[in-house]
Amino acid sequence: MKRFGLLILSITLLSWHTEAQEIYFDEPVALPETINSEAEESKPMLSNDGKQFYFVRTVSELNNGGIEGGQDIWLASNDRGSFGNVTNQVSPLNNEENNAVVGLSANGRSLYVINSYTPRRVRRQGIAVTEYKDDSWSYPAEIDVEVKVN
């Protein structure tokens, strides 16, 4: 019984001195209006060198399928310290379906994108990888993963 009492006392004393982890953030910095538009932006991805900023834009008239045509991948390039040059002309990654970057390689030369693309440009669920060569992105190559749908 003494051991049980000591155990309870020890747990009580230890919990009394436990401190929570403190997390500090810098003040938020607004992104340029070229990125923060009237549309909906999400899924931000910044390259390791800080020069390329990928994000998804939804409900935009400028998307490939228009305002109701799903999501497009948008790219903002860091031009002299700011992301001024923004485009969704990231061929062949955008189509009239939902498109998004879900990962970047360490060197920024490979993008992992949602969905798999067949040679006939038919979209399937999955993940694909595209490589940046000769100033353009390659056609996304399917990564063989098992996709389970409920």
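Strand E3 (residues 72-79) is largely enclosed by the rest of the structure, because six of its eight residues are buried. Here, strands (E, at least two residues) and helices (H or I, at least four) are DSSP runs numbered from the N terminus, and buried means under 20% relative accessible area, exposed over 50%, and partly exposed in between, with a 1.4 Å probe and protein chains only. The model is predicted, so local features need pLDDT of at least 70 and side-chain atom pairs count only at pLDDT 80 or more, while totals for chains, interfaces and linings use all residues. Residues are numbered from 1 along each chain as its sequence is written, and side-chain values use heavy atoms, with hydrogens and water left out.

The partners of E3 come next. Two strands are said to pair if DSSP finds at least two bridges between them. On one hand, E3 pairs with E2 in the antiparallel sense over six bridges, and within this pairing Val-56 stands opposite Ile-73 in E3. E3 also pairs with E4, again in the antiparallel sense, over five bridges; here Asn-78 stands opposite Phe-83 in E4. E3 and E4 form a hairpin with two residues between them, and Arg-80 in the turn has a positive phi of about 60°.

A further hairpin joins E1 to E2. Five residues lie between these two strands, and Gly-50 in the turn has a positive phi of about 75°. The two strands pair in the antiparallel sense over five bridges, with Val-56 in E2 as the bridge partner of Ser-42.

What does a search of the whole structure find in the way of salt bridges? It finds one, where the term stands for a side-chain nitrogen of Lys or Arg within 4 Å of a carboxyl oxygen of Asp or Glu. The side chains of Glu-41 and Arg-57 form this bridge, at 2.7 Å from N to O. Because Glu-41 lies in strand E1 and Arg-57 in strand E2 (residues 52-58), the pair ties together parts that are 16 residues apart in sequence. In general, side chains of opposite charge can pair when their charged atoms come close. Glu-41 is partly exposed at 24% relative accessible area, whereas Arg-57 is buried at 4%.

The whole structure holds four aromatic pairs. The rings of Phe-53 and Phe-55 have centres 5.7 Å apart and planes at 35°, so this pair is tilted. Rings of Phe, Tyr and Trp (its six-membered ring) pair if their centres lie within 6.5 Å, and planes under 30 degrees apart count as stacked, over 60 as edge-to-face and the rest as tilted.

The loop between E4 and E5 contains Asn-94, which is buried at 12% relative accessibility. A polar atom of the Asn-94 side chain lies 2.7 Å from the backbone nitrogen of Ile-73. Leaving aside neighbours within four places in sequence, Asn-94 is in contact (heavy atoms within 4.5 Å) with residues including Asp-72, Ile-73 and Asn-99. Pro-92 is placed in the loop between strand E4 (82-87) and strand E5 (101-104), and the peptide bond from Ser-91 to Pro-92 is cis, with omega near 0°.

Two further residues complete the picture. Ser-110, in strand E6 (residues 110-117), is buried with a relative accessible area of 9%. Its side chain joins that of Glu-131 in a polar contact of 2.6 Å, meaning a pair of N or O atoms within 3.5 Å; within protein, one must be able to donate a hydrogen and the other to accept it, and residues adjacent in sequence count only if both atoms are side-chain atoms. Asp-135, in the loop between strand E7 (123-133) and strand E8 (136-137), is exposed at 69% relative accessibility.
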